[in-house]
Amino acid sequence: MFKTSKIFRTALAPMIISSSTAALGIDFFDDRVNFSGFGTVSGVQTNSNEGEYRREQQGKGADKSAYFLSDSNLGLQLTGKATSWLSATVQSLTEVRYTEDELSTRAEWAFIKVTPIEGLSIRAGKFALPNFLISDSRKVGYANTWARPANEVYGLDLLNGGLEGGDISYRIPVSDYSLTATLLGGKSAFTDTDFFTGKANQRDVNNVKALNLVWDGDWYTLRLGHLRGNPDLNPIFAIFFPDRDVSKEMYKFSGFGFTMDYNDIVVQGEAVQRRSSTSNDLIASDGQYIMGGYRIDTFLPYLQYSTRKAAEKSGVAPQKNIAVGLRWDAFSSAAIKFQIEHIDTKDTTGASFKNRTTTILFPGGSFEQALPLTKPVTTFTTSIDFVF
Amino acid sequence: MTRITRTLIVTSLMLAVNSAQADVVVIVNSNSSISNLSVEQVSDIFLGKSSRFSDGSQAVPIDQAPDAEDAGAFRDKVTKKSASQLKSYWSKLVFTGKAQMPKQVSDGKEVKTLISANPNMIGYMDSKLVDGSVKVVLSL
């Protein structure tokens with residue numbers, strides 16, 4: 001009891017006294033600490049029971065019965081500023097993650113940032129990998145036009161462990177525009193699904209290195225990026241492919257993207273490539289999307305076309321998606337979204353589905369084989385994105 | 001004729017009132033070494049792209065609440081984004097730890113009170129509020 005009251009007196013009381021409302025979140029300790037958050041409440045339903053539609057390879061998805069945890073999430077962030085050049089950020093995210101089928105809360109971001117001179121920033125700790133145009137803010141629904149990023153493109157990157165390491169970023173002003181170059185290094189992770197049991201395990205991706213270039217041209221932004229890293233592959237891989245030196249496997253991911261917002265016309269597009277140094281036949285794939293919309297006051301109707309295809313003669317399943325949606329900025333800190341998608345897997349297992357399986361027996365064992373979808377699937381999404 | 005004259009007088013009066021409302025100036029502390037800023041420089045500071053003035057000193061932007069009159073004029077002429085576009089823009093930066101949204105106060109008087117006491121701050125307000133405690137660096 002004594003301890004609690006002491007904590008209250010020394011920490012909580014001045015916090016309450018000095019708190020003030022910020023534009024986003026609440027400021028404490030003379031604006032040195034900011035607490036803010038974001039979230040999405042969403043429901044998805046499809047017209048098919050052939051497979052469950054998933055956003056990011058979760059263990060469960062939507063079919064003819066609605067699923068409310070595909071996109072729903074809650075992020076809480078605490079940012080502390082020690083000086084004008086030193087700050088720390090911690091962000092927790094509650095969501096249904098890769099291969100899991102229930103909500104879990106984890107510290108997704110935890111880093112220290114130093115900005116010694118104008119334009120230069122160095123971060124160390126844990127943060128998201130910037131593998132796409134909006135990869136690090138894709139969980140913040142409110143920050144984006146769409147209900148969810150095109151899975152044909154954003155689902156292509158196999159690295160899902162974020163980055164544990166550091167990055168150095170420098171913004172170079174060029175007349176009224178700017179070029180920001182970011183170099184990063186560290187460790188990430190990918191999900192390995194056991195061939196026999198179907199059980200998912202996280203495995204390390206070491207020596208992750210990436211270069212990211214962003215041109216900020218006032219009403220438009222261009223982005224070019226390349227990442228590579230050495231995945232620690234399951235030893236079973238070497239047994240299946242004895243002719244490959246899988247210990248030297250290099251995973252490569254490249255992307256180009258642009259976004260523009262001019263006279264209420266919004267256009268955004270990206271093209272990405274996934275490659276492997278030893279096993280292109282298994283993972284080589286290209287993805288693209290283009291989205292266009294027109295802002296009418298608080299309404300932003302949009303249309304999107306996205307596609308994923310096998311590359312380098314690989315066996316990656318294709319998928320094509322035509323989406324129509326509406327973002328409505330109904331409240332000052334919340335947006336309502338509707339999105340309908342027509343997804344064609346071209347009679348394959350596709351990219352976004354938890355497929356039905358059949359058990360294949362072989363001498364001494366068995367494995368689960370995913371079944372293809374025989375018809376295109378239409379999905380319906382309604383969501384509310386908010387920030388505070 | 002009289003009707004036309006009357007209409008003209010009323011219209012010009014309305015225009016005069018409108019332009020008076022939109023007479024917003026960007027200000028810094030009177031002791032600041034900064035004397036002139038371009039719309040682009042102010043926009044960069046208020047959009048989190050730049051955190052320092054041209055002389056290398058720290059720049060701390062002070063915004064007004066989105067529904068404040070000056071805030072509308074400032075958005076039209078400087079950041080060129082609607083209130084919801086700005087919030088969406090900032091949520092992208094804030095939740096990736098890239099920048100913190102400017103502090104918001106309710107009106108121009110509060111902006112002046114803060115800026116007259118802090119040489120690093122920059123804000124905007126109605127030109128009628130200008131006095132010796134602040135310096136105008138840009139007229140909108």
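Biologist: Before we start, what should I know about the numbering and the cut-offs?

Modeller: Residues are numbered from 1 along each chain as its sequence is written, and chains are lettered from A, with ligands numbered from 1, in the order in which they are written. This is a predicted model, where local features need pLDDT of at least 70 and side-chain atom pairs count only at pLDDT 80 or more, while totals for chains, interfaces and linings use all residues.

Biologist: How many helices and strands does chain A have?

Modeller: Chain A has 4 helices and 22 strands, taken as DSSP runs numbered from the N terminus, with helices being H or I of at least four residues and strands being E of at least two.

Biologist: What percentage of chain A is buried?

Modeller: Buried residues make up 37% of the 388 residues in chain A, where buried means 20 or more other C-beta atoms within 10 Å of a residue's own, exposed means 12 or fewer, partly exposed lies in between, and C-beta atoms are placed from the backbone.

Biologist: Which residues touch the most other members of the largest nonpolar core?

Modeller: Those are Val153(A), Leu163(A), Val205(A), Val208(A) and Leu227(A), in a core of 29 residues; such a core is a set of buried Ala, Val, Leu, Ile, Met, Phe, Trp, Tyr and Cys residues joined through C-beta atoms within 7 Å. Elements of chain A that each supply at least two residues of this core include β10 (177-193) and β11 (200-217).

Biologist: What is Val208(A) in contact with?

Modeller: Leaving aside neighbours within four places in sequence, its contacts include Leu163(A), Leu227(A) and Gly229(A), a contact being two residues whose C-beta atoms, placed from the backbone, lie within 7 Å.

Biologist: Switching topic, where is Asp264(A)?

Modeller: Asp264(A) sits in the loop between β13 and β14 (265-276) of chain A. Asp264(A) counts as partly exposed because 13 other C-beta atoms lie within 10 Å, and, leaving aside neighbours within four places in sequence, Asp264(A) is in contact with Tyr294(A) and Arg295(A).

Biologist: Now chain B: what is the strand order in its open sheet of 5 strands?

Modeller: The order is β3-β2-β4-β1-β5, with mixed pairing, and two strands pair if DSSP finds at least two bridges between them. The edge strands are β3 (103-105) and β5 (134-139) of chain B, each pairing on one side only.

Biologist: How many bridges join β2 to β3 there?

Modeller: In chain B, 3 bridges join β2 (residues 60-64) to β3, and these strands run parallel; Gln64(B) has Val105(B) as its bridge partner in β3(B).

Biologist: Last one: how many residues does each chain give to the contact between A and B?

Modeller: Chain B gives 23 residues and chain A gives 29. On the side of chain B that touches chain A, the largest share, 7 residues, comes from α4(B).
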